[in-house]
Amino acid sequence: MGFARTCSVALVGVEGVVVEVQADLEPGVAAFTLVGLPDKSLTESRDRVRAAMVNSGAPWPQKKLTVGLSPASVPKSGSGFDLAVAAAVLGAAERIDPRVLADIVMIGELGLDGRVRPVRGILPAVLAAADAGYEQVVVPECAVPEASLVPGVSVLGVRSLRQLIAVLTDEPVPDEEPVPGEIRPDPFLAGLALPGTGLGTGAVSGEHAPDLADVAGQQMARSALEVAAAGRHHVFFKGPPGAGKTMLAERLSGLLPELSRQESLEVTAVHSVAGVLPAGHPLVDRAPYCAPHHSATMASLVGGGNGLPRPGAVSLAHHGVLFLDEAAEFHSSVLDALRQPLESGHVVVARAAGMLRMPAKFLMVLAANPCPCGRHGRGDDVCECRPSSIKRYRARLSGPLMDRVDLRVTVEPVARAELLQLHNGAETTATVAERVKTARERAARRYEGTPWRTNSEVPGHELRTRWHVQSGALRKAEEDLDRGLLTARGLDRVLRVAWTVADLAGRDRPSANDVNWALELRTGVRRGAVLQGISR
C-alpha cells in the first residue's frame, strides 16, 4: 500500500482555503476515485491527470487509487488541483519521495501532454497558503510574477509535469519549449476571463488614459469631479445626450491616487479570481474602472454564478470607479441592490452553495438623461415624451439610492465657443490629481489613529462631535433639514462634502461658504457659494 499527501488551495469567493490532497494506492481492480466534494471540472481531473502522467513518462499505477480532498465539507471547484493530484499520485506510487511533498502547496491545471496551465486566483491562493504557514508554492511558470507578490513564500514556476518530477527527485530538469505566443492573446491562457466581466474592467494604462484637459467647458462638473476624487464621494451627472457625462466619468479614475500596497493586493486578488488581470502587470497599482452595460443582471453587478458566487462589477471596481451610464435604463431592482455595498464597502451574496462576503468599496458615478428622449427642459427642442413616461423613467433611480449620492450635477450642453476654441486653458488630469492627492493627505493626517482615511468614510456622528465646522456654517443646511429638504443621512453627507471642499482649499475647518457649496452640489439649488481653491 502506498500513501502520499500534498496541498492545494480551494477558492471560496476571493478567499482561499488550504486543502490537503491525499492519494492512497491499494491492491485491487484498477480504478480512480476522487472524493471530497469536487465539482464537475474537478471530477474531470481524473482523465487529465492520467493522460498527463503517461505523456510525461511516468507509469500509471495499475491499482485501486483513491484521492481525497480534505476538508471534505468545503466545496472545491476548478482545475487548479490537477498538479497537486498528480504529485500525490506520484508520491503514492513512490516515483517521488512522499516526505518531499508534504509541505508544498501546488496550484495549476494539467494539459493532456503534461503542460502546466495557469488558473484564476493565483494571488489569493498563495496568500491563503502563506497565512496557513506554508513557505513553498509551485505554480505555472507564467504565474510566477503574480505569486511572488506574497512575501515570505518561495515560488517555483514549472512549465510541465516533467519539470516538477525532475526538481522533486533531484534529476536534470528538462528544457521545455516555451508556449507559443507568450504575450496575450495566447491560446494557453484561453478561458481565464469570466464571461460578462467586460473588457473595460481594470486599470487604464497611463499612456492611454484619457485626460481631463480634453473636456471642453463644464466647469461645475469638473469641480464636482475633483471633489468626488478627493473625498471619494458618489456623483450623479444629469444632462442631455452629448453634453460630456461619459467623458467626465471616464477621467475620474485618473484623478484618484495610486493604490497603497494593501489596496493593490486586495484589487489584484479580486481581478485574479475574475481572470481580468492586465497582461504583463501582475499587480494592479492604479484605481480600476468598471462600466457595465445597462442590460447587466443583478448577479453580474453584485456577484453570482453557478455554485459559489464569483465577483461582480461592484467587486471588480473595489478601490476604483463604478460607472453606470444610462443609469435610468438599468432595472430598478439591480440599482437598489447597490444600496447595501454603498454603505458597508462590501457585498454579502447568499446562494444555495454558500454565502460569501466580497469587497466592494467603490466610487459610484451615475449618468442619465433628463427623459427617455433626452430633450426635456431644453428650450430649442420639443420633448416628445409623455409625462407618465418621464415619471417612470426618473422613478427607476429610487429615493433611497439617490440619498446615498453626495454630488448631483446638471451637465449642460457645451457652447460653440467653448467647443471650438483651440486652447481652452483647462487643467490636465495630472494637475488636478496632484491637488486631490494633497487633499487626501490632509484628511489622512486629520483621521490618523482612526479606521478612516477619506471624508466619505467617517460616520456622521463622529464628524459632528469630534471635528467641528466654523460657527454658524451649518445654518442653511439645518434650515433644509427642518423643512424636510434634507434627510439626516443627507445632512451628514453634506457635512462630509464640506470637509472635502475645505481640504482642497487648504482650510482647517469648513466655512459657511464650503457648506453652502456642498448644499449646491447635493440639491442643485444656488446658495450663493463662491468657488475658492477648486479648479475652474
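This is a predicted model: local features need pLDDT of at least 70, side-chain atom pairs count only at pLDDT 80 or more; totals for chains, interfaces and linings use all residues.
- Strands of a sheet pair through backbone hydrogen bonds, either parallel or antiparallel.
- Strand S10 (residues 235–238) and strand S15 (residues 363–368) run parallel and are joined by 4 bridges.
- Val 235 has Val 365 of S15 as its bridge partner.

**Nonpolar cores**

- The largest nonpolar core holds 54 residues, and Phe 237, Leu 252 and Val 365 have the most contacts inside it.
- Helix H21 (residues 488–505) supplies the largest share of this core, 8 residues.
- Leaving aside residues up to four places away in sequence, Leu 252 touches Leu 225, Ala 229, Val 321, Leu 363 and Val 365.

**Packing of helices H8 and H21**

- Helix H8 (residues 219–231) packs with H21 at an angle of about 100°, and their axes are 9 Å apart.
- Because of this angle, H8 is roughly perpendicular to H21.
- On the H8 side the contact is made by Glu 226, Val 227, Ala 230 and Gly 231.
- On the H21 side it is made by Val 497, Thr 500, Val 501 and Leu 504.
- The residues of the contact between H8 and H21 comprise 5 nonpolar, 2 polar and 1 charged.

How values were computed. Residues are numbered from 1 along each chain as its sequence is written. Side-chain values use heavy atoms; hydrogens and water are left out. A nonpolar core is a set of buried Ala, Val, Leu, Ile, Met, Phe, Trp, Tyr and Cys residues joined through side-chain atoms within 4.5 Å. Buried means under 20% relative accessible area, exposed over 50%, partly exposed in between (1.4 Å probe, protein chains only). Helices (H or I, at least four residues) and strands (E, at least two) are DSSP runs, numbered from the N terminus. Contact means heavy atoms within 4.5 Å. Two strands pair if DSSP finds at least two bridges between them. Axes are lines fitted to C-alpha atoms, for helices over the stretch in contact, and angles run from 0 to 180 degrees between N-to-C directions. Angles under 35 degrees count as roughly parallel, over 145 as roughly antiparallel, 65 to 115 as roughly perpendicular and the rest as oblique. Ala, Val, Leu, Ile, Met, Phe, Trp, Tyr, Cys and Pro count as nonpolar, Asp, Glu, Lys and Arg as charged, and the others, Gly among them, as polar.
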